[in-house]
Amino acid sequence: MTTDSRLKVKIGSTLLKNEKEAIKCIDKVIEIEPNNVYALFIRSVLSATIYNFSDSMDYIDKVIDIDPKNSEARELKKNLLTIISKKE
């Protein structure tokens, strides 16, 4: 199992248990690999899960900057913009 695969398994299991722990784990990955699209995407999702939509948008924008053709990131951004517009 590669380091990336082990990380994904750890993140997945942590996500199921506790968002705060998952955020700590993801933040460590982002600190080491600031352009890790997977980690940035998951961080965006986690931020949205705890209703921190501003942070969520920041992370998803980074994903799109790195990988402009990422359809999942574009879809998440669209959904975030919808949620944010309804809150205003």
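Is Tyr51 buried or exposed? Select Tyr51 to begin: Tyr51 counts as exposed because its relative accessibility is 65%. Exposed means over 50% relative accessible area, buried means under 20%, and partly exposed lies in between, with a 1.4 Å probe and protein chains only.

Before moving on, note what is on the screen. This is a predicted model, in which local features need pLDDT of at least 70 and side-chain atom pairs count only at pLDDT 80 or more, while totals for chains, interfaces and linings use all residues. Residues are numbered from 1 along each chain as its sequence is written, and side-chain values use heavy atoms, with hydrogens and water left out.

**The aromatic pair**

Rings of Phe, Tyr and Trp (its six-membered ring) pair if their centres lie within 6.5 Å; planes under 30 degrees apart count as stacked, over 60 as edge-to-face and the rest as tilted. By this rule the count is 1 aromatic pair. Phe53 counts as buried because its relative accessibility is 10%.

**The whole chain**

Now show the chain as a cartoon. It has 5 helices and 0 strands, in the pattern α-α-α-α-α along the sequence. Helices (H or I, at least four residues) and strands (E, at least two) are DSSP runs, numbered from the N terminus. Of the 88 residues, 34% are buried.

**The core**

Next select Ile60 and Leu80. In the largest nonpolar core, which has 20 residues, these two have the most contacts inside it. Helix H2 (19-32), helix H3 (37-49), helix H4 (53-66) and helix H5 (71-87) each supply at least two residues of this core. A nonpolar core is a set of buried Ala, Val, Leu, Ile, Met, Phe, Trp, Tyr and Cys residues joined through side-chain atoms within 4.5 Å.

Stay on Leu80 and show what surrounds it. Neighbours within four places in sequence aside, Leu80 is in contact (heavy atoms within 4.5 Å) with Ser44, Ala48, Phe53, Ser56, Met57 and Ile60.

**A last stop in helix H4**

Select Ile64, which is in helix H4. Is Ile64 buried or exposed? Ile64 counts as buried because its relative accessibility is 12%. Leaving out residues up to four places away in sequence, Ile64 touches Ala73, Arg74 and Lys77.
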